[in-house]
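User: I would like to learn how to read a protein model, one feature at a time. Please show me one and let me ask.

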Amino acid sequence: ARCIKLIKRMETGRAKKYCTRGLEAHSRVGSMGRRKNKETSNAAVLKEQDRQRRTCKNGDQAIADAYRRSTSSCQMWALVMGRRDQVA
């Protein structure tokens with residue numbers, strides 16, 4: 001119950017007293033972004049698997065690369081946030 005109240009305060013910009021790091025994915029905007037990222041990465045993997053089936057070639061590395069490309073913005077964001085936390 002306290003976490004829900006804190007998330008609501010975070011969404012309205014009133015959570016100044018508490019650290020909200022790690023709760024981003026539980027906000028409306030954060031959960032929508034997380035869902036979109038999951039859908040995008042899932043689609044990239046399925047597309048690569050389909051390509052491999054059509055060409056009769058199997059390659060775990062190609063699937064991993066497709067996933068990595070589709071999630072690179074998430075990794076970059078995590079690095080930025082980590083550096084920001086390191087400075088604070």
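User: Is E48 buried or exposed?

Analyst: The general idea is relative accessible area, found with a 1.4 Å probe and protein chains only: under 20% is buried, over 50% is exposed, and in between is partly exposed. In this structure E48 has a relative accessibility of 9%, so E48 counts as buried. Note that this is a predicted model, in which local features need pLDDT of at least 70 and side-chain atom pairs pLDDT 80 or more, while totals for chains, interfaces and linings use all residues. Residues are numbered from 1 along each chain as its sequence is written, and side-chain values use heavy atoms, with hydrogens and water left out.

User: What share of the chain is buried?

Analyst: The chain has 88 residues, and buried residues make up 18% of them.

User: How many helices and strands are there?

Analyst: Both are DSSP runs numbered from the N terminus: a helix is H or I over at least four residues, a strand is E over at least two. This chain has four helices and zero strands. Read from the N terminus, the order of elements is α-α-α-α.

User: With which residue does E48 form a salt bridge?

Analyst: A salt bridge is counted when a side-chain nitrogen of Lys or Arg is within 4 Å of a carboxyl oxygen of Asp or Glu. For E48 the partner is R51, and their closest N and O atoms are 2.7 Å apart. The two residues both belong to helix α2, where they are three residues apart, about one turn of the helix. R51 has a relative accessible area of 34%, so R51 is partly exposed, while E48 is buried at 9%.

User: How many salt bridges does the rule give?

Analyst: The count comes to three. Another of them pairs R54 with D50, with 3.2 Å between the closest N and O atoms. R54 and D50 are also both in helix α2, but four residues apart, again about one turn of the helix.

User: How much space lies in the largest pocket?

Analyst: On a 1 Å grid over the protein atoms alone, a pocket is an open set of points where a 1.4 Å probe fits, with protein on both sides within 12 Å along at least five of seven lines; lining residues have an atom within 4 Å of a point. Points are joined across faces, edges and corners, and the volume is the space filled by probe spheres set on them. Here the largest pocket holds about 420 Å³. Its lining has 14 residues, and those closest to the centre are A25, R34, N37, C74 and W77.

User: Which elements give two or more residues to that lining?

Analyst: They are α2, residues 28-55, and α4, residues 72-87. Helix α2 gives the most, with five residues. That is also the helix that holds E48 and R51, as well as R54 and D50.
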